[in-house]
Amino acid sequence: MESRGSVPARPLSYEGVWRFTAPAVDISVPQARRAVRDLLHRQGVPVADEMVQGLLLIVSELVTNAVRHAALLSPEVAVEVAIGALWVRVSVEDNHPYRPKALETDSAQTGGRGLLLVREITREAGGLCDVEHTASGGKIIWAELPLMPVLNGEATPI
């Protein structure tokens, strides 16, 4: 018998890891966003709409960055979604070695604040984000958010 707050012995039906690749072109941004949204829905992940919107914005920003800044050395990007009992992690991998830096807020700039947005969404949700180098010399940028399942119409922390 499990006690309240213990981790289930078997994976929940929605747990798993999914990965897909896409060309490093602009049309891949909405396609990646749609694929992640559909995956969360298809798997029945118990997550509030606000969290889904945050995850989709993170995916959009990370794929956009890969398309804009890594396409020359990485004609393809990989998107991975890992879902555990208590968290969802999205990551975008490309083959460009440059480690991006979040720019400071500057109202005169029309772009360049995507990583700041990713950090802010992640922080507000109580999650983590980082950049890691791959063995092949590229990088993976990831964000992990805690699941807040919808119970009785309200998001409730696990």
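Predicted model: local features only at pLDDT ≥ 70, side-chain atom pairs only at ≥ 80, totals over all residues.
Visitor: Where is P75 found, and which residues are in contact with P75 beyond its neighbours within four places in sequence?
Guide: P75 is found in the loop between α2 and β2. Contact here means heavy atoms within 4.5 Å. With neighbours within four places in sequence left aside, the contacts of P75 are A22, P23 and A24.

Visitor: Let me step back to the whole chain. Which pattern does the chain follow along the sequence?
Guide: Helices (H or I, at least four residues) and strands (E, at least two) are DSSP runs, numbered from the N terminus. The chain has 3 helices and 7 strands. Read along the sequence, they follow the pattern β-α-α-β-β-α-β-β-β-β.

Visitor: What share of the accessible surface of the chain belongs to carbon and sulfur atoms?
Guide: Accessible areas come from the Shrake-Rupley method with a 1.4 Å probe, and for residues only the protein chains shown count as cover. Of the 158 residues of the chain, 40% count as buried. The accessible surface comes to about 9,500 Å², and the share belonging to carbon and sulfur atoms is 53%.

Visitor: How are α1 and α2 arranged relative to each other?
Guide: Two packed helices are described by the angle between their axes and the distance between the axes. Axes are lines fitted to C-alpha atoms, for helices over the stretch in contact, and angles run from 0 to 180 degrees between N-to-C directions. The axes of α1 (residues 28-43) and α2 come within 9 Å and cross at roughly 150 degrees. Angles under 35 degrees count as roughly parallel, over 145 as roughly antiparallel, 65 to 115 as roughly perpendicular and the rest as oblique, so α1 and α2 are roughly antiparallel.

Visitor: How do the residues of the contact of α1 with α2 divide?
Guide: On the α1 side, the residues include V29, R33 and L40, and on the α2 side they include L56, S60 and V67. Ala, Val, Leu, Ile, Met, Phe, Trp, Tyr, Cys and Pro count as nonpolar, Asp, Glu, Lys and Arg as charged, and the others, Gly among them, as polar. By that scheme, the contact divides into 11 nonpolar, 4 polar and 2 charged.

Visitor: Which handedness does the crossing of α2 and α3 have?
Guide: The axes of α2 (residues 49-70) and α3 (residues 114-125) come within 9 Å and cross at roughly 155 degrees. These two helices are therefore roughly antiparallel. A crossing is left-handed if the near helix is turned anticlockwise from the far one by less than a right angle, and right-handed if clockwise. For α2 and α3, the crossing is left-handed.

Visitor: Why does S60 count as buried?
Guide: S60 lies in helix α2. Leaving aside neighbours within four places in sequence, S60 is in contact with V29 and R33. S60 counts as buried because its relative accessibility is 10%.

Visitor: How many Å separate the C-alpha atoms of V90 and L56?
Guide: V90 is in strand β3 (residues 87-94) and is buried, at 2% relative accessibility. Its contacts beyond four places in sequence include L55, I58 and V59. V90 and L56 are 34 residues apart in sequence, and their C-alpha atoms are separated by 9.3 Å.

Visitor: What is the C-alpha to C-alpha distance between A78 and A22?
Guide: A78 lies in strand β2 and counts as buried at 7% relative accessibility. A78 and A22 are 56 residues apart in sequence, and in space their C-alpha distance is 6.4 Å.

Key
Residues numbered from 1 in each chain as written. Heavy atoms only, no water. Buried < 20%, exposed > 50% of the residue type's maximum accessible area, 1.4 Å probe, protein only.
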